[in-house]
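Subject: Structure for you to look at

Hello,

Please find the structure below. Some notes on what was found in it follow.

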Amino acid sequence: MNTLNDTPTSQSYAIGIDIGGTSLKCGVVNELGEILFSFLVSLSEAKTEEEIITLIVNAITQCTAQLNEPIVGIGIGFPGLIENNVIVGGGVNLPGFEQLPLGKILNDRTGHHIVIDNDANLMGLAEVMYGAAKDSDDAIFLTIGTGIGGAIMIDKKLFGGYKNRGAELGHTVIQQNGIQCACGGQGCLETYASVTALIKHYKTQNNIADENIDGKTIIEKYLANEDHAIKTMQHHFDYLAAGIVNCVNIFSPQKVIIGGGISEAGQFYIDELTHRVKKTAIPVSFSNTEIVAATLGNKAGLLGACANAFQKFKKTEYAL
């Protein structure tokens, strides 16, 4: 459990819940982005949709009891497509959660205001409100992992397109008739620039590579000047930069935030991307843009969920 030693200066509180495939993280945050406390709840024994909902309600109850103060509302990050607090689908490794009005269900059971959004969107919102882009209004967030998630923030608010169906930055097409993607399309950015793609490409370069090699090891080999790793990373940088160029030319953000474990590789990673994007993007579009690494790590989901609740409910009457 995480606890702050200092008394928070903000008297506004929100509960955040970050739902993953195997656990959920729940905690209370004040409006300054200070986490008062947080805890993990395992989902490994929850076999049904109803059992998971019960665990969420119990976590909320635990938070309100421990805080013993009014809250603005509850923000939830979920790994799927969400429209008006309805889980349309996409909950990886979770039973059910198809066309489920989760927001209404939780509001009925807890009496609190609820707002739900995609987990990657909320990670991006957290970086704008409390992290790497807190001095910016307009930003793009890309998290590089098994796939590529993304978020668009305009005037410090999430932009998801009509009915929250857009901002699929990992599925911008960068190669016509390219590699088949899990989304059903071809040539998506994530099929060329995700960590999964990085590992696959390395194995095509080095046919004696360890079957279980990971992105961290490839980075280490790159820094050690291994030829296969250098070629693989150059390929990765080129394609990821191409995706970023598209974002810059369309949105001209103040910050492009790169998240995911690979973004912690070192400043060289950001420098390589910046060099390529600057060379290719429309100069006037890139003139006020900086590419930066995310800073919030695994706290981003929880902080973003709470930031979303503050934005949606701060002006409404507190729920007791």
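Predicted model: local features only at pLDDT ≥ 70, side-chain atom pairs only at ≥ 80, totals over all residues.

**A helix across the sheet**

How many strands does the open sheet have, and in what order do they come? There are five, in the order β10-β9-β8-β11-β12, and their pairing is mixed. At the edges stand β10 (157-158) and β12 (290-293). Each of these has a single partner strand, so one side of each has no neighbour in the sheet.

For β10, the pairing with β9 (residues 148-154) is antiparallel and runs over two bridges. Within this part of the sheet, Ile 154 stands opposite Lys 157 in β10.

Helix α1 (residues 49-67) and helix α2 (residues 102-110) have axes that come within 11 Å of each other and cross at roughly 50 degrees. Angles from 65 to 115 degrees would count as roughly perpendicular and those under 35 as roughly parallel, so α1 is oblique to α2. The crossing of α1 and α2 is right-handed.

Which residues make the contact? From α1 they are Glu 50, Ile 53, Thr 54, Ile 56, Val 57 and Ile 60. From α2 they are Leu 102, Ile 105, Leu 106, Arg 109 and Thr 110. Sorted by class, the contact of α1 with α2 has seven nonpolar residues, two polar and two charged.

Regards

Methods:
Residues numbered from 1 in each chain as written. Heavy atoms only, no water. Axes fitted to C-alpha atoms, helices over the stretch in contact; angles between N-to-C directions. Helix = DSSP H or I, 4+ residues; strand = E, 2+ residues; numbered from the N terminus. Parallel < 35°, antiparallel > 145°, perpendicular 65-115°, else oblique. Left-handed = near helix turned anticlockwise from the far one by under 90°. Contact = heavy atoms within 4.5 Å. Nonpolar A, V, L, I, M, F, W, Y, C, P; charged D, E, K, R; others polar. Pairing = 2+ DSSP bridges.
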